[in-house]
Amino acid sequence: MANFTAADVKALREQTGAGMMDVKNALTEADGDAEKALEIIRLKGLKSLSKREGRVASAGLLAATVVDGKVGYMVELNSETDFVAKNQKFIDFAQSVLEAAVAAEAADLDALLAAPLNGETVQDGINGMAAVIGEKIEARRLVRVEGENVDLYLHQTSPDLPPQVGVFVVTDANGASVAHDIAMHVAAYMPAYLDRDSVPADVLEKERATLEKITLEEGKPEAIVPKIVEGRLNAYFKDNCLVDQDYARDPSKTVGKVLTEVNGTVTEFVRVHVGA
């Protein structure tokens, strides 16, 4: 008879996040030795990593922070299921990955994966986490922003899940007073660009060509088509450009108007949605 109790199984499950049968089998093989069982779980998991390569890790969470009000870091850590995403061990691990990014001043995903974490690299830590949990785990992206003022907003799409949407808004000093509200606006309204000048020329030309075709097909006189197209382009900008959008907290104003009232400027924003 194996030398372990239900409490031992529970403790090892909480420590590793592994399934109940995996924990029971490991404890049986280790004759109740928790440390040996932990190593068995980890080694078996590492051997099966290649089998999980083809799986899709589209669940997960965002961990983010702002350093000294001027540098923002956001990590997207993915799992295969929401069950793992809301596991406290996974949440704590994501926080440690974020802290590794900050400590290493990582500027991109490659730098993050190579950053030190508990005597190994972040990538090694991810492999170890995947080994004990039994799901594909991956760091999908690292976002780093910097500016005079950086504001962060994290949004939970479901109360039982960790943050799934994250927004950084970078402003000048004057814009700091409205930066957080604008970050919440970005989370909800999902602008694609900061302003009209930020829309890539090829995107703008494609949109213009589409609107011209639609307008002509409606039978409008060719002489007035350019004016109609410009009006419809304005509607496109209002839908897609942050400063042209109606402000979430007061739709009688645009975001640009709100910034003008405080003599502030948004220099950059980034919106991340887990799995998107």
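Start with an open sheet of 3 strands, ordered β1-β2-β5 and paired in the antiparallel sense. The model shown here is predicted. In this sheet, β1 (59-67) and β5 (138-146) stand at the edges. Each has a single partner strand, so one side of each is left without a neighbour in the sheet. From one strand to the next, the twist averages 15 degrees.

Now look at one pairing in detail. Strand β2 covers residues 71-79, and β1 pairs with β2 over 9 bridges. The sense of that pairing is antiparallel. To find a place along it, pick out Thr65: its bridge partner in β2 is Tyr73.

Helix α5, residues 88-104, lies across β1, β2 and β5. Its direction runs at about 140 degrees to β2.

Move on to another sheet. Here 3 strands form an open sheet in the order β6-β7-β10, and the pairing is antiparallel. The edge strands are β6 (149-155) and β10 (266-273). Each of these edge strands pairs on one side only. Neighbouring strands of this sheet are turned by 10 degrees against each other on average, with direction ignored.

Strand β7 has partners in both β6 and β10, so take them in turn. With β10, strand β7 (residues 165-171) pairs over 7 bridges, in the antiparallel sense. Along this pairing, Val167 stands opposite Arg271 in β10. A helix packs on this sheet: α8, residues 176-189, touches β6, β7 and β10. The direction of α8 makes about 145 degrees with that of β7. On the other pairing, β6 and β7 are joined over 7 bridges, and the sense is antiparallel. There, Asp151 stands opposite Val169 in β7.

How much of β7 is buried? The strand is mostly covered, with 7 of its 7 residues buried. The cover reaches both faces. On one side sit Val165, Val167, Val169 and Thr171. On the other are Gly166, Phe168 and Val170. All of these residues are buried.

Next come the aromatic rings. The structure holds 1 aromatic pair. It joins Tyr236 and Phe237, whose ring centres are 6.0 Å apart. Why does the pair count as edge-to-face? The ring planes stand at 65 degrees, and planes over 60 degrees apart are counted that way. Both Tyr236 and Phe237 are buried.

Finally, step back to the whole protein chain. It has 11 helices and 10 strands. The radius of gyration is 24 Å, well over the 19 Å that the globule rule gives for 276 residues, so the chain is more spread out than a compact globule. The C-alpha trace spans about 90 × 45 × 30 Å along its principal axes.

Burial can be viewed across the chain as well. Of the 276 residues, 42% count as buried. The accessible surface of the chain comes to about 14300 Å². Carbon and sulfur atoms account for 51% of that surface. Contacts can also be sorted by sequence distance. Take those between residues at least 6 apart in sequence: 63% of them join residues at least 24 apart.

Methods:
Residues numbered from 1 in each chain as written. Predicted model: local features only at pLDDT ≥ 70, side-chain atom pairs only at ≥ 80, totals over all residues. Heavy atoms only, no water. Pairing = 2+ DSSP bridges. Helix = DSSP H or I, 4+ residues; strand = E, 2+ residues; numbered from the N terminus. Axes fitted to C-alpha atoms, helices over the stretch in contact; angles between N-to-C directions. Contact = heavy atoms within 4.5 Å. Rg over C-alpha atoms; globule rule 2.2 N^0.38 Å. Buried < 20%, exposed > 50% of the residue type's maximum accessible area, 1.4 Å probe, protein only. Areas by Shrake-Rupley, 256 points an atom, 1.4 Å probe, with all protein chains shown as cover. Phe/Tyr/Trp six-rings, centres within 6.5 Å; stacked < 30°, edge-to-face > 60°.
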